[in-house]
Each structure stands twice: as structure tokens, then as C-alpha cells.
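User: I am new to this structure and would like a close look at a single part of it. Could you walk me through how helix packing and charged pairs are arranged there, step by step?

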Amino acid sequence: MPPFTFDFTLKKPNMDYVPEQEQNIARAVKGTGNNCPYPIPTVDEIIKMIDRSSYKVNRSQLISDVFECGALAISNKVDFTQYDKREQRYLEIIKKYKPDEQKLIIDLFTKIFCLCSSVVYDNGRFDDYLGELFMKCNQGNKHAGQFFTPYHVSKLMAKMTITDDKINQDEILTVNDCCCGGGGLLLAALDVLKNDYDVNYARNCFIDAGDIDARCVHMTYLQLSLAGAPAIVKHQDVFSRELWSVWKTPAFIFQYHRFCKYDSLV
């Protein structure tokens with residue numbers, strides 16, 4: 001079995017020991033609210049990495065392949081029922097690239113991993129990071145009317161939709177988006193649940209999502225997985241009900257006993 005490209009461990013930067021209480025005070029003074037052990041990347045940093053490599057590889061294909069390889073890497077760590085098929089697909093993609101280009105894919109995914117998972121550190125600061133990256137790189141399909149909703153609009157819609165009467169103590173709240181794009185509306189829902197209603201969405205929320213665009217499926221799966229949300233993301237045609245693939249997030253699989261009834265929705 002060849003080595004898995006995304007088998008890596010993020011190392012904390014070397015620093016002199018400082019008591020946790022003093023670290024928290026220092027952060028409060030700085031006003032960052034950030035407990036992350038590494039610098040959080042930005043979307044613009046990731047785009048610069050992509051732009052610097054555009055002379056070597058097709059920009060659009062590189063972005064799609066980074067999203068798909070990242071999704072495959074996460075899925076194959078938890079969803080063993082699909083491992084063989086997805087490992088084969090992963091190898092098909094990665095073999096198209098030269099060693100230095102493979103490293104570029106790893107570096108890009110590392111940045112995406114750090115950025116999208118930073119919500120658990122960075123004072124609960126949600127955003128549609130991959131949707132922003134996607135649109136800034138001009139990857140939207142204008143002929144199909146594919147324009148992602150700006151995050152501040154998504155959050156306003158979430159605030160208008162989620163109300164006190166829909167929050168029940170320790171009961172599962174379901175959120176559905178059958179044309180999820182990059183998952184921006186779903187992330188906004190998690191944002192409001194966590195920050196406005198103090199809901200532990202990792203335990204008390206289930207997300208059912210889908211899209212006809214495979215890139216959108218991979219983006220949504222990545223963002224929900226790295227935010228720790230229990231979700232099933234489907235690559236499907238919502239009108240014909242044709243289904244091509246199903247992606248279950250780690251939080252869903254790890255708590256399958258709690259969310260198994262939603263598996264029948266697939």
C-alpha cells in the first residue's frame with residue numbers, strides 16, 4: 001500500500017512554557033480570542049499559493065483536485081465501507097501530478113485544514129472560507145447561475161430562520177440544504193446555533209445536504225467535517241433523485257448510535 005499523501009501531523013511552534021492563565025490574559029489583551037496553537041491561514045494566502053503555481057498546472061483542475069483529495073482523505077480515515085473505491089479514486093488523481101505538484105496539493109490542503117478547523121479555536125468565528133476561495137478564483141459556473149451567497153447574507157437568513165421555539169433541550173435539530181453549494185448557509189446555521197443559542201451542534205444538530213456539482217459536495221463535506229458537524233452530504237440530482245455518492249462526516253460516524261435514524265434518508 002503506497003503511503004497516504006495526507007498522513008501528516010501539525011507541529012506546535014517551539015515556545016517557552018507560559019502558564020495557561022497567563023497565556024489567556026495575554027490573548028485577552030491582544031483582543032484576538034484565539035487559542036489556536038498555530039497561525040490561522042487566510043483565504044488570500046491560499047489563493048496566492050494557487051496563483052504562484054498556475055504556470056505549472058491547470059488552475060481550475062488543481063482547485064477541484066485539492067477539494068476532492070481532501071474529502072477523500074478525511075472520508076477514508078472514518079468511512080471504511082467506501083475505503084477501497086475512494087482510495088482508488090485518490091490514487092487516480094494524485095498520479096496525474098509530479099512529485100513537486102503533489103507536495104503543492106498537500107501544502108494547499110494543510111492550509112485549508114487549518115483554516116476550516118480553526119472555528120474550534122478562534123472564538124467560534126465561522127465563515128464560508130471555501131466558498132469565498134471558490135468565487136475569488138472565478139470557479140463559479142455563470143452559465144448555470146452558480147453564485148454563492150455572501151456569508152453575511154447567509155448568517156442573516158439563519159438568524160431569521162432559527163428561533164427560540166425551534167431549540168429544544170438536548171434534542172436533535174435537523175438542517176437541510178438540497179442545493180448546498182460550498183455549505184455557506186449550513187455553516188451560518190451552525191454559527192447561529194453555537195453563538196446565539198449556545199447549542200452544542202456536534203451533539204444536537206444533524207445536517208442533510210446535497211448538490212449536483214461534485215466540487216460543491218467536496219467543499220461542503222470538507223467544511224462540515226472540519227467544523228465537527230454531524231452530516232450526510234450527497235452528490236445527487238435533487239429533481240430526478242439520481243444519487244452518485246454519499247459522504248458521511250466523522251462527527252456523524254463517531255456518533256452513529258445517536259444519528260443512525262437519519263441514515264435512512266440516503
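Analyst: Happy to! Let us begin with a term: a residue is called buried under 20% relative accessible area, exposed over 50%, and partly exposed in between. Asp196, at 38% relative accessibility, therefore counts as partly exposed. Please keep in mind that this is a predicted model.

Let us stay with Asp196 for a moment. Asp196 forms a salt bridge with Lys159, and the closest N and O atoms are 2.5 Å apart. Asp196 belongs to helix H8 (residues 184-197) and Lys159 to helix H7 (residues 151-161), so this pair ties together parts that are 37 residues apart in sequence. Lys159 has a relative accessibility of 40%, so Lys159 counts as partly exposed too. In general, side chains of opposite charge can pair when their charged atoms come close. Across the whole structure, a search finds 14 salt bridges.

Another of these pairs is Lys96 with Asp65, where the closest N and O atoms are 3.3 Å apart. This pair links distant parts of the chain: Lys96 sits in the loop between helix H4 (83-94) and H5, while Asp65 is in helix H3 (residues 59-78), 31 residues away. Asp65 has a relative accessibility of 1%, so Asp65 counts as buried.

Glu132 and Lys136 both lie in helix H6 (residues 129-136), four residues apart, which is about one turn of the helix. Their salt bridge has its closest N and O atoms 2.9 Å apart. Glu132 is partly exposed at 29% relative accessibility, and Lys136 is partly exposed at 42%. Asp44 joins in as well: Asp44, Glu132 and Lys136 are linked in a network of salt bridges.

Cys137 is found in the loop between H6 and H7. With a relative accessibility of 1%, Cys137 counts as buried. Leaving aside neighbours within four places in sequence, Cys137 is in contact with Ile47, Ile50, Arg59 and Ile63. The C-alpha atoms of Cys137 and Asp51 are separated by 9.1 Å, although these residues are 86 residues apart along the chain.

Now for the helix packing. Two packed helices are described by the angle between their axes and the distance between the axes. H3, the helix that holds Asp65, packs with H10 at an angle of about 50 degrees, with their axes 9 Å apart. The two helices are therefore oblique to each other, and their crossing is left-handed. On the H3 side the contact is made by Ser64, Phe67, Glu68, Gly70, Ala71, Ile74, Ser75 and Val78, and on the H10 side by Arg215, His218, Met219, Tyr221, Leu222, Ser225 and Leu226. By type, these residues divide into eight nonpolar, five polar and two charged.

H10 (residues 214-227) also meets H5 (residues 99-117): their axes come within 8 Å and cross at roughly 55 degrees. That angle makes H5 oblique to H10, and this crossing is right-handed. H5 contributes Phe109, Ile112, Phe113, Cys116 and Ser117 to the contact, while H10 contributes Leu222, Gln223, Leu226 and Ala227. The residues of this contact divide into seven nonpolar, two polar and no charged.

Definitions and conventions:
Residues numbered from 1 in each chain as written. Predicted model: local features only at pLDDT ≥ 70, side-chain atom pairs only at ≥ 80, totals over all residues. Heavy atoms only, no water. Axes fitted to C-alpha atoms, helices over the stretch in contact; angles between N-to-C directions. Parallel < 35°, antiparallel > 145°, perpendicular 65-115°, else oblique. Left-handed = near helix turned anticlockwise from the far one by under 90°. Contact = heavy atoms within 4.5 Å. Nonpolar A, V, L, I, M, F, W, Y, C, P; charged D, E, K, R; others polar. Salt bridge = Lys/Arg side-chain N within 4 Å of Asp/Glu carboxyl O. Buried < 20%, exposed > 50% of the residue type's maximum accessible area, 1.4 Å probe, protein only.
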